Amino acid sequence: MRFNGRVPLAPTYRICVICSGNICRSPMGEVILTSMLRSAGFGDRVVVDSAGTGGWHEGHPADPRTVHTLKAHGYDGTHHRAREFRAEWFSDRDLILAADQGHVRDLRRWAPDAAAAAKVRLLREFDPTSMDAGTLEVDDPYFGDGDDFDRCLSVVERACRGLVDDIPSRLAERSEPATSPG
């Protein structure tokens, strides 16, 4: 922990949102989750980024339909640049949120150990309605139209709300001192 002269500062909790090319679903997740965390007062304790399992779009902005959909719902996705997930990122991410099961399989295969693999979860696992219905994947809107992007945003927003509700317990777990054998 760092020390500011008065009280220890808790380390930053890091989340990475993953989809295939990092131009549709994961930028939505990154932008929406970042906005919600700031609104909830966690902006200084939680950092969100995103990446794709493939590098096809590396360096490119988010899909224009993603940017348009985000803007229509009050979010700014104009600063996003696509990048590919790197296995070394497991060491400095606390939670890795995948859009679908294919991403989960890839990420867990790339994980250096079981602890890293355990960081990988489906984004929709944080939406109780999705959990109850068993619909845990975020459909890829890439080959769809504006309605598909609107549906994707709605699904991602619900999951992000659930994760924001879960953040206090995640931060509390990180700040609890390790018990020593006694």
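Visitor: Which residue in β4 does I15 stand opposite?
Guide: This is a predicted model. In it, strand β3 (residues 13-19) runs parallel to β4, and 7 bridges join them. Within that pairing, the residue opposite I15 is V48.

Visitor: Through which helix does the chain cross from β3 to β4?
Guide: The path from β3 to β4 is a β-α-β crossover, and it is right-handed. The helix on that path covers residues 25-39 and is α1.

Visitor: Why is strand β4 largely enclosed by the rest of the structure?
Guide: Strand β4 spans residues 46-52. A residue counts as buried when its relative accessible area is under 20%. The strand is largely enclosed because the number of its 7 residues that are buried is 6.

Visitor: Which element gives the largest share of the largest nonpolar core?
Guide: This core has 35 residues, and those with the most contacts inside it are I15, I32, V46 and I167. The elements that give two or more residues to the core are β3, α1, β4, β5 (95-98) and α6. The largest share is 11 residues, and it comes from α6.

Visitor: What does I15 touch, leaving out residues up to four places away in sequence?
Guide: I15 is among the residues with the most contacts inside the largest core. Its contacts, counted in that way, are L33, V46, V47, V48, D49, L95, L97, L163 and I167.

Visitor: Is N22 buried or exposed?
Guide: N22 sits in the loop between β3 and α1. Its phi is near 65°, which is positive although the residue is not glycine. Its relative accessibility is 0%, so N22 counts as buried.

Visitor: Which residue in β5 stands opposite C16?
Guide: β3 and β5 pair in the parallel sense over 4 bridges. Both faces of β5 are covered, with L95 and L97 buried on one side and I96 and A98 buried on the other. The residue of β5 opposite C16 is I96.

Visitor: Which residue in β6 is the bridge partner of A98?
Guide: β5 also pairs with β6, in the parallel sense and over 3 bridges. In that pairing, the partner of A98 is L122.

Visitor: Within what arc do the buried residues of α3 fall?
Guide: The buried residues of helix α3 (residues 101-110) are H103, V104 and L107. They line one face of the helix, because seen down its axis they fall within an arc of 100°.

Visitor: Which exposed residues does the face of α3 turned away from its buried side carry?
Guide: The buried residues of α3 pack against β3, α1, β5 and β6 (120-122). The face turned away from them carries the exposed residues R105 and R109.

Visitor: Which residue caps the N-terminal end of α3?
Guide: A side-chain oxygen lies 3.0 Å from the backbone nitrogen of G102. The residue that supplies this oxygen is D100.

Visitor: Which elements do the buried residues of α2 pack against?
Guide: In helix α2 (residues 64-72), the buried residues are T66, V67, T69 and L70. They lie on the same side of α2, because they cover an arc of only 165° around the axis. On the other side, P64, H68, K71 and A72 are exposed. The buried residues pack against α1 and α6 (146-175).

Conventions: Residues numbered from 1 in each chain as written. Predicted model: local features only at pLDDT ≥ 70, side-chain atom pairs only at ≥ 80, totals over all residues. Heavy atoms only, no water. Buried < 20%, exposed > 50% of the residue type's maximum accessible area, 1.4 Å probe, protein only. Pairing = 2+ DSSP bridges. Right-handed = clockwise from strand over helix to strand, strands pointing away. Arc of directions from axis to C-beta. Contact = heavy atoms within 4.5 Å. Core = buried A, V, L, I, M, F, W, Y, C linked by side-chain atoms within 4.5 Å. Polar contact = N/O pair within 3.5 Å; in protein donor to acceptor, adjacent residues only side chain to side chain.
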